Every structure is written in C-alpha cells, then in structure tokens.
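Subject: Structure handover

Hello,

Here is the structure I promised to pass on. Please open it and keep it beside this note while you read.

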Amino acid sequence: VDLAKNCETLIMAVFKSDDLNDWEEIWDKRDEFMAKKQMKAIESLKKGKKKNKEELIKNMKLVEFDEYLFDKLHSTIKTRDGDDYMTLSEVSIIMKWKLFRGKWRGRLQSFID
C-alpha cells in the first residue's frame, strides 16, 4: 500500500465526517503525513533533472515549516500588543512553506527576500 496515497485517502474521508474525534485523529497525524510528503518530494527531486536539486533537498523542511505555521506563528502574532501583523521574515517562511508544498517557483521567494 502506498503510504502517501493512504494518507490522502484518510484526509479526504475526514471531510465527510461530522465527528470531532475523526478530525482530531487526523490533526494528531499531521506531522506523520508531512514527513511522508517530504520524503516523497525528496525522492521526486532526486529523480528529476533540476540543476539546483541538491539545494532544494537540503532546504526541504516541510515538517518544520508546517509546525511553525500551525503552532508557533499564531502564538507569536497573538503576543504582539493589540496589533496582529506579520514581519517580513515570517512572510518569507510562509512563502517557503507554500512553495515546498506545491509547485516550486523560486522567483516568488525572491520577491519577498
């Protein structure tokens, strides 16, 4: 059984559920899913012909980016006195997260950095 496909099936199944326990179970497995997605992305990069694939593999930190976005960033923003804003470095990390999760478009990152 393809583990990545199994993860996608579980995630799609929870969208049909009204049960909070189902949602919490998927949320608790988020790190596991991201680690599998990261390994799949690295394998794909290794097989590809991109010139900068070694750099992309070295910077592949989906688990860390996911943890930052869903755990740390929210609490960091809420600690700011009355102002909910993001710094340029926070936006940069979010862009890296977005690019590594989808199609890589390095030029987008250069607009922020």
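Below is what was found in it, starting with the overall fold and ending with the surface.

First, the ground rules. This is a predicted model: local features need pLDDT of at least 70, side-chain atom pairs count only at pLDDT 80 or more, and totals for chains, interfaces and linings use all residues. Residues are numbered from 1 along each chain as its sequence is written, and side-chain values use heavy atoms, with hydrogens and water left out.

Overall fold

The protein has seven helices and zero strands. Its pattern along the sequence is α-α-α-α-α-α-α. Helices (H or I, at least four residues) and strands (E, at least two) are DSSP runs, numbered from the N terminus. Of the 113 residues in the protein, 27% are buried. Buried means under 20% relative accessible area, exposed means over 50%, and partly exposed lies in between (1.4 Å probe, protein chains only).

Salt bridges

How many salt bridges does the structure hold? It holds three. A salt bridge here is a side-chain nitrogen of Lys or Arg within 4 Å of a carboxyl oxygen of Asp or Glu.

Take Glu90 and Arg80. Their side chains meet in a salt bridge at 2.5 Å, N to O. This pair links distant parts of the chain, ten residues apart. Glu90 sits in helix 6 (residues 88-101), while Arg80 sits in the loop between helix 5 (62-78) and helix 6. Are Glu90 and Arg80 buried or exposed? Both are buried. Arg80 counts as buried because its relative accessibility is 14%. The Arg80 side chain also reaches the backbone oxygen of Tyr85, at 2.4 Å. That is a polar contact (a pair of N or O atoms within 3.5 Å; within protein, one must be able to donate a hydrogen and the other to accept it, and residues adjacent in sequence count only if both atoms are side-chain atoms).

Next, Asp84 and Lys78. They form a salt bridge, with the closest N and O atoms 3.4 Å apart. Asp84 is exposed, with a relative accessible area of 54%.

Then Glu67 and Lys72. Their side chains meet in a salt bridge at 3.3 Å, N to O. Glu67 counts as partly exposed, at 32% relative accessibility. Lys72 is partly exposed too, with a relative accessible area of 43%.

Helix 2 covers residues 20-28 and contains Glu25. Glu25 is partly exposed, at 43% relative accessibility. Glu25 and Val14 are eleven residues apart in sequence and 9.3 Å apart in space, C-alpha to C-alpha.

Patches are made of residues with over 30% relative accessible area and no salt bridge: like charges are joined within 9 Å, and nonpolar side chains (Val, Leu, Ile, Met, Phe, Trp, Tyr) within 5 Å.

Which residues form the negative surface patch? They are Asp18, Asp19, Glu24 and Asp28. Asp28 lies in helix 2. Asp28 counts as exposed because its relative accessibility is 63%.

A nonpolar surface patch of about 460 Å² is made by Met12, Phe15, Leu20 and Trp23. Accessible areas come from the Shrake-Rupley method with a 1.4 Å probe; for residues, only the protein chains shown count as cover. Leu20 lies in helix 2. Leu20 is exposed, at 56% relative accessibility.

Best wishes

How values were computed
Lys and Arg count as positive and Asp and Glu as negative; His and the chain ends are not counted. The place of a charge is taken as NZ of Lys, CZ of Arg, CG of Asp or CD of Glu.
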